[in-house]
Amino acid sequence: MSTLIQDYAAFISASPSSFHAAAEIARRLGEAGYARQDEQAAWVGERKGFLVRGGAVIAWCVGKVGPDSGFRIVGSHTDSPSFKVKPAPSSQAHGFGQVNVEVYGGGLLNSWLNRDLGLAGVVTELDGTVHLVRTPAIMTIPQLAPHLDRSVNDNLKLSRQVDYKPIWAIGEAELLPYICELAGVDPERAAAFDLFAYDVQEPAVYGGPSGDAFFSAGRQDNLSSVFTSLSAFLDPGVQAAVAEGEDVAIFVAFDHEEVGSSTYTGAAGPFLENTLRRIAASLELDAVGDERFARMIANSTCISADAGHSISPNKAGLHDPDHHPVLGGGPLLKVNANQRYATEAEGTALWLRAAAAEGVATQQFVSNNDVPCGSTIGPLTATRLGVLTVDVGVPLLSMHSAREISSPADIEAMTAILRGYFAGA
């Protein structure tokens, strides 16, 4: 594995929940010399800074700004489909201790069966103190043997309430005291928690004559975009280029994209806009107030980075017959006539300039007309801010499953293109 792919594996391993991903991003930014801004305090005006809100992070690097400066934004999201623990976390049935969960996002649910699962997230004390917590493998969702369901290989139909309920103990066992002990919290002071299931299996690279065709891991939708955009943002060459350029480079990783983004850490809310306004207000420009911000927005662009679909060789008919993106063929430019993706011709040119600057190939993704596509933070950001936005991402197989498949070559290429964009292409 290349150094970048090794780092990608380490990043995924450190990020079993959106909260852990935000903490890992913050750690890397801090090590790179970025100052953490308390958004509840007066704006310090750091030229290299970041702030964290729950499972979301925004970082900025200010160049030699002038009257024609804008923001160069790359947006992604830290959350992935999973199972979230309910407020009453424990129940018992027929000699087993079980975990009460509900489905988070649009996961490929059957992929979570028979896997070694842990829980990760946060526990909050009554005074508001937040503690990260992560368990090892503690639970599984067992599937019936075919002897008990002879139709299972022909017609798998499972209840979200009944059949996806993990077991975690034999006999009666309460989950919350165990979680609190790991988090270092007195159970009497625990007010609430946000805990999500994750697959504990470590990332793996395998396949092909050279053994590096596939990268297999959970949460690549959308940690693939978080990692590549952060790696590009912190690249020393990019940092030097931004420092000498006119624009402000923005890294943003939202939370809750998989459930619609309409939260205080999601792309549909004012989190990014308010941060950009505070950055603009701290700059010494001739224009003042709203005029300064409006002019910067008019000079701004955004790359919305979110994983997309590689063609599956076993289900090629579900793709558009003239657009067959494959693993290893380069990152995807995602297009939809109904603006489920924000890409248009001007944004396409922006993306292709960045790819050409790095000498990297890219592919186009357009849905089969009979298979409607999903959406991303792209249209939300374009609507919220009114900035030119283009939707892109690395191709995946098994998207939204407990374990997704990418190509190391595409991770390398995506990082390179985003370097080119941040550097001014």
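Me: How many nonpolar, polar and charged residues are in the lining of the second largest pocket?
Reply: Happy to start there. On a 1 Å grid over the protein atoms alone, a pocket is an open set of points where a 1.4 Å probe fits, with protein on both sides within 12 Å along at least five of seven lines, and lining residues have an atom within 4 Å of a point. Ala, Val, Leu, Ile, Met, Phe, Trp, Tyr, Cys and Pro count as nonpolar, Asp, Glu, Lys and Arg as charged, and the others, Gly among them, as polar. Sorted this way, the lining of the second largest pocket comes to eleven nonpolar, seven polar and five charged residues.

Me: What kind of model is this?
Reply: Residues are numbered from 1 along each chain as its sequence is written, and side-chain values use heavy atoms, with hydrogens and water left out. Local features need pLDDT of at least 70 and side-chain atom pairs count only at pLDDT 80 or more, while totals for chains, interfaces and linings use all residues, since this is a predicted model.

Me: Which residues lie closest to the centre of the second largest pocket?
Reply: A volume here is the space filled by probe spheres set on the grid points, which are joined across faces, edges and corners; for the second largest pocket that is about 530 Å³. Its lining has 23 residues, and the closest to the centre are F19, R53, G54, G55 and V130.

Me: Which element gives the most residues to the lining of the second largest pocket?
Reply: Helices (H or I, at least four residues) and strands (E, at least two) are DSSP runs, numbered from the N terminus. At least two lining residues each come from α2, β2 (48-53), β7 (117-125), β8 (130-134) and β10 (190-199). With five residues, the top contributor is α2.

Me: Which residues lie nearest the centre of the largest pocket?
Reply: The volume of the largest pocket is about 830 Å³. Its lining divides into twelve nonpolar, 16 polar and seven charged residues. Of the 35 lining residues, those nearest the centre are G308, H309, G374, M399 and H400.

Me: Is E24 buried or exposed?
Reply: Buried means under 20% relative accessible area, exposed over 50%, and partly exposed in between (1.4 Å probe, protein chains only). E24 has 10% relative accessibility, so E24 is buried.

Me: How many residues apart in sequence are E358 and R419?
Reply: E358 and R419 form a salt bridge, with the closest N and O atoms 3.9 Å apart. E358 lies in helix α8 (residues 345-358) and R419 in helix α10 (residues 408-422), so the pair ties together parts whose separation in sequence is 61 residues.

Conventions: A salt bridge is a side-chain nitrogen of Lys or Arg within 4 Å of a carboxyl oxygen of Asp or Glu.
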